[in-house]
Amino acid sequence: MPNLLLEIRDLHTYFKTKEGTVKAVNGVSLQMEENSILGLVGESGSGKTMTALSVLQLVPYPGKVVQGSIKYHGREMLTMSQEEMRHIRGMEISLIFQDASNALNPVIAIGKQVEEILREHTNVGRREARYQAIDLLQRMGIPDADDMLKRFPFQLSGGMAQRVMLAIGVALKPKLLLADEPTSSLDVTLQAEILQRLRELRRENGTSILLITHDLGVIAQMADAVAVMYGGMIVEYADTRSLFAKPLHPYTWGLFQALPRMDTDERVLKPIRGIPARMLDPVDQCPFLERCPKALNRCRTQGRPPLIEVEPGHKLACYNPMVYD
Ligand SMILES: Nc1ncnc2c1ncn2[C@@H]1O[C@H](COP(=O)(O)OP(=O)(O)OP(=O)(O)O)[C@@H](O)[C@H]1O
Ligand SMILES: [Mg+2]
């Protein structure tokens, strides 16, 4: 059994609002091994970002983790002190977002931002930090790194800002990188380049990556395994090959149906019919029920299906999965 890096169990993260409780994360269970890339997919609003933010205790107010367990190397994180969390956030687990411009401090030059992180968490002096910062930026594909250090975030293009954020995210060689749509705002060439850097990071440092994306093409290229989220829960989990060959959950199956087909001129994503899952005060039943082409009466009466292993390494939360022969 490979070493477990992260183990999330029955995680619930809720937003109490005037209208009711938004169950953004509603019973997520997820495991990540060392030196692995796990893709996390699912439609907008299904709870992917809140799952990642829960891991680092960065859920925005009034959101709150109300139940569950998140273990990092076997240690419970939800009960850690601020001090321990700061250490983990600095040295062990880092987070990169889709929108780099929000993550960088607008009034501090790039060089200073990278150097400060290095100096805060490691024992390097000013010169060494500067040297390392240049090296990092170069490795992220920034040609004139010396010049870049002097610039402010507003002086960077989107692609450059994304590279800088990635450099900051990996500066301390984290064991785990939570990458939330790291390439979706970039053009195809830049996207390929950033994905290449992420692969190198894994190869050179053994960094595991939780890769959140809407893009199944990115998942196919990058991920060892995939977790599919719907309505605040994981509805399917499998290694990438099995999931693409044989999606068992009707929602996952629908995702693949919605992909543009290469053998026709159709390039537009077909949305899955029906309205998205109800996150506000959800009913205790399968969140996909109202849209599911395979729903049975049982799905209405038996409560939410638990996530169980239906084949070795393939987990599913569904009472009436797709059938293949
Ligand atoms: N401040 C808030 N108050 C109430 N509900 C919130 C708040 N922030 C997020 N939510 C809800 O939490 C749910 C999960 O949001 P989350 O951002 O995790 O989705 P996501 O899967 O990352 O979506 P996307 O693919 O669009 O990034 C959503 O239904 C959202 O409406
Ligand atoms: Mg998100």
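Angles under 35 degrees between two axes count as roughly parallel, over 145 as roughly antiparallel, 65 to 115 as roughly perpendicular, and the rest as oblique. The legends below concern a predicted model, in which local features need pLDDT of at least 70 and side-chain atom pairs count only at pLDDT 80 or more, while totals for chains, interfaces and linings use all residues. Residues are numbered from 1 along each chain as its sequence is written, and chains are lettered from A and ligands numbered from 1 in the order in which they are written.

**View 1. Helices H7 and H8.** This view shows helix H7 packed with helix H8 (residues 188-205), at an angle of about 10 degrees and with their axes 11 Å apart. Axes are lines fitted to C-alpha atoms, for helices over the stretch in contact, and angles run from 0 to 180 degrees between N-to-C directions; helices (H or I, at least four residues) and strands (E, at least two) are DSSP runs, numbered from the N terminus. H7 and H8 are therefore roughly parallel to each other. On the H7 side, Gly 159, Gln 162, Leu 166 and Val 170 meet Leu 190, Ile 194, Arg 197 and Leu 201 of H8. Sorted by class, this contact has 5 nonpolar, 2 polar and 1 charged residues, where Ala, Val, Leu, Ile, Met, Phe, Trp, Tyr, Cys and Pro count as nonpolar, Asp, Glu, Lys and Arg as charged, and the others, Gly among them, as polar.

**View 2. Helices H4 and H7.** Here the axes of helix H4 (residues 110-121) and helix H7 (residues 158-170) come within 9 Å and cross at roughly 15 degrees. That angle makes H4 roughly parallel to H7. The crossing of H4 and H7 is right-handed; a crossing is right-handed if the near helix is turned clockwise from the far one by less than a right angle, and left-handed if anticlockwise. H4 contributes Ile 110, Gln 113, Val 114 and Ile 117 to the contact, and H7 contributes Val 164, Ala 167 and Ile 168, two residues being in contact if their C-beta atoms, placed from the backbone, lie within 7 Å. The contact of H4 with H7 has 6 nonpolar residues, 1 polar residue and no charged residues.

**View 3. Helices H4 and H5.** H4 also packs with helix H5 (residues 126-139), at an angle of about 115 degrees and with their axes 9 Å apart. The crossing of H4 and H5 is right-handed. Gly 111, Val 114, Glu 115, Leu 118 and Arg 119 of H4 make this contact with Ala 129, Arg 130, Gln 132, Ala 133 and Leu 136 of H5. By class, the contact of H4 with H5 has 5 nonpolar, 2 polar and 3 charged residues.

**View 4. The shell around ligand 1.** Among the 15 residues around ligand 1, those that come nearest are Ala 24, Ser 44, Lys 48, Thr 49 and Met 50, a residue being near a molecule or strand if its C-beta atom, placed from the backbone, lies within 6 Å of it. Strand S1 (4-17), strand S2 (20-33) and helix H1 (48-55) are the elements that give two or more residues to this shell, and H1 gives the most, with 3 residues. The shell has 6 nonpolar, 8 polar and 1 charged residues. H1 itself is mostly covered, since 8 of its 8 residues are buried; a residue is buried if 20 or more other C-beta atoms lie within 10 Å of its own, exposed if 12 or fewer, and partly exposed in between, with C-beta atoms placed from the backbone.

View 5. Most residues other than glycine have a negative phi, and most peptide bonds are trans. In the loop between H1 and strand S4 (63-72) lies Pro 62, and the peptide bond from Tyr 61 to Pro 62 is cis, with omega near 0 degrees. Gln 57, found in the loop between H1 and S4, has a positive phi of about 55 degrees although it is not a glycine. Gln 57 is partly exposed, with 15 other C-beta atoms within 10 Å. His 73, in the loop between S4 and strand S5 (75-76), has a positive phi of about 50 degrees, although it is not a glycine.

**View 6. The surroundings of Pro 305.** Pro 305 is found in the loop between helix H12 (297-301) and strand S11 (308-311), and is buried, with 22 other C-beta atoms within 10 Å. Leaving aside neighbours within four places in sequence, Pro 305 is in contact with Cys 286, Ala 317, Cys 318 and Tyr 319.
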